[in-house]
Amino acid sequence: MTTATLSPAAPTKGARLALLIGGIAAVGFGIAVLAWPTKAAVALTGVIASYAIISGIVYAALGVFSKELGAGGRIGHILLGILYVIAGVYAFSSLQQSAAFLALFLTIMVGVMWIVEGFTALFSLGQSGSSGLTIVFAILSVIAGFTLLSSPLWGAVFLWWFLGVALIVLGGLNAVRAITRKKA
């Protein structure tokens, strides 16, 4: 082994480079989400559809070729694989409509989760170290959840906008961290 391989600065340079690349990519994706929201949503749906098809093929292959699975496991994997492939192909056949459905579905899911999270916080109030903050959190969480559910379309727009802004801000911060990080 050479001295360069054992240098303590190598992991730091790699970490800085990873932060910089990740930060720049996040800023780019954030700008795309804000500048071309529909195209970005359709592209993301295409990525998810591709994932579904690839996962479906893997599940089906596991069902067909796995020696460890019993008959139920094999059939289950094959059926799951077929469902994944069908979902991916359907999403590709109408990417725009699939993107709209995905946005609404995720918005409703987030709204329901925020409501459940708020009530869960209230139910665990006795174990909380700060009752006041827990009550404020619970109320805000329930209100946010009902707000999303009251208008899922506007909620989806807001969440998408928030994602774009968060990607730009957090990506920019990671890039700055990478540039200003102390060298070892």
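Let's begin with the largest pocket, which holds about 620 Å³ of space. This is a predicted model, in which local features need pLDDT of at least 70, side-chain atom pairs count only at pLDDT 80 or more, and totals for chains, interfaces and linings use all residues. Residues are numbered from 1 along each chain as its sequence is written, and side-chain values use heavy atoms, with hydrogens and water left out.

A pocket here is an open set of points on a 1 Å grid over the protein atoms alone, where a 1.4 Å probe fits, with protein on both sides within 12 Å along at least five of seven lines; lining residues have an atom within 4 Å of a point. The volume is the space filled by probe spheres set on the points, which are joined across faces, edges and corners.

To find the centre of the largest pocket, look for Ala41, Ala99, Ala103, Ala156 and Trp160, the closest to it of the 25 lining residues. Helices H2 (9-35), H3 (37-65), H5 (95-123) and H7 (152-180) each supply at least two lining residues, and H5 gives the most, with 9. Helices are DSSP runs (H or I, at least four residues), numbered from the N terminus. The lining has 21 nonpolar, 4 polar and no charged residues.

Now turn to the second largest pocket, with a volume of about 240 Å³. Its lining includes Thr45, Tyr84, Ser98 and Phe101. H3, helix H4 (71-93) and H5 each give two or more residues to this lining, and H4 has the largest share, 5 residues.

Terms used: Nonpolar A, V, L, I, M, F, W, Y, C, P; charged D, E, K, R; others polar.
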